[in-house]
Amino acid sequence: MKMESKDTFSISQLADEFGITLRSIRFYEDRGLLTPTRKGKVRVYSKQDRARLKLTLRGKRLGFSLIDISELFEFYDSNKSNKKQQQDMLNAIKHRQQLLIQQQADINAVMMELNAAERNCYLQLAKFEQQNNKPLSKRCSIPAKLHR
DNA sequence: ATTCTTACA
DNA sequence: TGTAAGTA
């Protein structure tokens with residue numbers, strides 16, 4: 001159904017927008033990641049809910065568990081009043097930062113390996129074309145960035 | 001036509 | 001998470 005207002009969404013709208021199923025969205029709610037309001041029994045999502053869903057999906061892409069993601073949300077809107085809670089949260093944040101730094105390093109390493117593999121592919125293709133005595137096509141020529 | 005809950009794979 | 005069932 002089409003909603004007159006621009007700041008609320010039906011579950012279907014969000015599912016279409018993000019290319020996920022209704023089941024997933026309800027599942028995330030079950031895990032406490034989403035808290036849509038209700039008009040009767042029907043879920044009504046606000047822009048903030050939409051933003052939250054977006055963050056959830058990004059977290060998933062990064063390999064975070066739904067629990068990890070809910071923990072991040074707690075950090076974002078942290079309302080811990082006492083000192084110990086703040087201390088614990090800080091430690092948790094530092095830990096998460098460390099994990100991300102590690103991921104970043106791993107990503108860089110894999111990226112370099114892939115770049116090397118890609119370079120070899122182009123070199124091989126160039127060699128084949130040379131054997132066939134054919135002119136290098138634009139599409140298969142070695143990109144400048146791989147010359148180094 | 002859409003969405004909801006519940007239950008099982 | 002997918003899917004089926006039975007509703008509202």
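This is a predicted model: local features need pLDDT of at least 70, side-chain atom pairs count only at pLDDT 80 or more; totals for chains, interfaces and linings use all residues.
**Exercise 1.** Find out which part of DNA strand B faces the protein, and look for polar side-chain atoms beside its phosphates.

*Solution.* Now turn to the phosphate oxygens. Arg-26 places a polar side-chain atom 2.8 Å from one. For Arg-38, an N or O atom of the side chain is 2.9 Å from a phosphate oxygen. With Ser-10, the distance from a polar side-chain atom to a phosphate oxygen is 3.5 Å. Finally, ask which elements give two or more residues to this surface: they are α1 (11-18) and β3 (42-46).

**Exercise 2.** Take α1 and work out which of its residues are buried, where they sit around the axis, and what covers them.

*Solution.* First, pick out the buried residues of α1: Ile-11, Leu-14, Ala-15 and Phe-18. These residues span an arc of only 100° around the axis, so they lie on the same side of α1. As a reminder, an α-helix has 3.6 residues a turn, so residues three or four places apart point the same way. Then look at the cover, which includes β1 (8-9), α2 (22-30), β3 and α3 (47-61). To finish, step past the helix: Gly-19 follows α1 and has a positive phi, near 65°.

Methods: Residues are numbered from 1 along each chain as its sequence is written. Chains are lettered from A and ligands numbered from 1 in the order in which they are written. Side-chain values use heavy atoms; hydrogens and water are left out. A residue is near a molecule or strand if one of its heavy atoms lies within 4 Å of it. A polar contact is a pair of N or O atoms within 3.5 Å; within protein, one must be able to donate a hydrogen and the other to accept it, and residues adjacent in sequence count only if both atoms are side-chain atoms. Helices (H or I, at least four residues) and strands (E, at least two) are DSSP runs, numbered from the N terminus. Buried means under 20% relative accessible area, exposed over 50%, partly exposed in between (1.4 Å probe, protein chains only). The arc is that of the directions from the helix axis to the C-beta atoms. Contact means heavy atoms within 4.5 Å.
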